[in-house]
Amino acid sequence: MKLALISILAGSAAAFAPAPTARTSVAQNAALDDLKSIAEKSNPVLKFYDPLELSSTTIWGNSNDDTIAFLRHSEIKHGRVAMAAFVGYIVQSNGIHWPFPIDFAGNPYPYDAGSPPEQWDALSDAAKWQIILFIGFLEWFSEAAGTHYMRGGVPGAYPKFSDHKVIPHPVPFNLFDPFGFSSGKSAEAKEKGLIKELNNGRLAMIGILGFISEQRVEGSVPLLKGLVSHYDGETMAPFG
């Protein structure tokens, strides 16, 4: 939880976004120079702003370059999760669900249980564990396969399933860009797309936290007052 908070603060303060080229250890301030360049592109008005001085710190005995890579990767990951959560919240709030049963017993998806948090509470423990374990697998694969982002890899780059043999069976699609839409894009187009992803992720983090905050503390987000229902459960306790 603390690392997640640090990562969100880092994103707001210093634009930790992926760059299309790998970092080099020859230049002493390569990571910091990249960071400043990305900051100006992601927010031309604010530019590079780091009041917490996260760009000059080190963690777990790693170098400053490695620490910056960790923080950049962490923000990108949180942004992607937040974008999925934000869209999912809107979809579930409007009662949209799969037409087939959720289990072999023929039970429907709990779309009528209420708000998205209440729909989660209505899931069986078995269903919750399937979701948590699948996310855990994706996290493990991202850390175990390919060149690690703190060891010369590119922050935000998710390894391709097809490039590694740690999965004992064929996987038809990769997690990132499964249909290969970005494979033919130029480096400049990819860079612009990544900057957009960074900014969209930041907005999504604010958005999903706004939904949950208003549900737990009515009036805490005035713009959402009356638009989302109150939730009495515990958002940080997945099993109630």
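Tutor: A residue is called buried under 20% relative accessible area, exposed over 50%, and partly exposed in between. The model discussed here is predicted.

Student: What makes the pair of Lys 41 and Glu 191 a salt bridge?

Tutor: The N to O distance between their side chains is 2.4 Å. The cut-off is a side-chain nitrogen of Lys or Arg within 4 Å of a carboxyl oxygen of Asp or Glu, so the pair qualifies. Lys 41 belongs to helix α2 (residues 30-42) and Glu 191 to helix α6 (residues 187-216), so that distant parts of the chain, 150 residues apart, are linked. Lys 41, at 44% relative accessibility, is likewise partly exposed.

Student: Why can such side chains pair at all?

Tutor: Side chains of opposite charge can pair when their charged atoms come close. The structure holds seven salt bridges.

Student: How do you know that Asp 66 and Arg 151 form a salt bridge?

Tutor: Their side chains meet at 3.6 Å, N to O, and the limit is within 4 Å, so the pair is counted. Asp 66 is in helix α3 (residues 64-93), while Arg 151 is in the loop between α5 (125-144) and α6, 85 residues apart.

Student: Are Asp 66 and Arg 151 buried or exposed?

Tutor: Asp 66 has a relative accessible area of 15%; because buried means under 20%, Asp 66 is buried. Arg 151 stands at 55% relative accessibility; because exposed means over 50%, Arg 151 is exposed.

Student: What does Lys 77 form with Glu 139?

Tutor: Lys 77 forms a salt bridge with Glu 139, their closest N and O atoms being 2.8 Å apart. Lys 77 lies in helix α3 and Glu 139 in helix α5, so the pair ties together parts 62 residues apart in sequence. Lys 77, at 25% relative accessibility, is partly exposed, as is Glu 139, at 34%. A network of salt bridges links Lys 77, Glu 139 and Glu 143.

Student: Why is Asn 174 called buried?

Tutor: Asn 174 has a relative accessible area of 17%, which is under 20%, so Asn 174 is buried. Asn 174 lies in the loop between α5 and α6.

Student: Which backbone nitrogen does the side chain of Asn 174 reach?

Tutor: The side chain of Asn 174 reaches the backbone nitrogen of Phe 161 at 2.7 Å.

Technical notes:
Residues are numbered from 1 along each chain as its sequence is written. This is a predicted model: local features need pLDDT of at least 70, side-chain atom pairs count only at pLDDT 80 or more; totals for chains, interfaces and linings use all residues. Side-chain values use heavy atoms; hydrogens and water are left out. Helices (H or I, at least four residues) and strands (E, at least two) are DSSP runs, numbered from the N terminus. Buried means under 20% relative accessible area, exposed over 50%, partly exposed in between (1.4 Å probe, protein chains only). A polar contact is a pair of N or O atoms within 3.5 Å; within protein, one must be able to donate a hydrogen and the other to accept it, and residues adjacent in sequence count only if both atoms are side-chain atoms.
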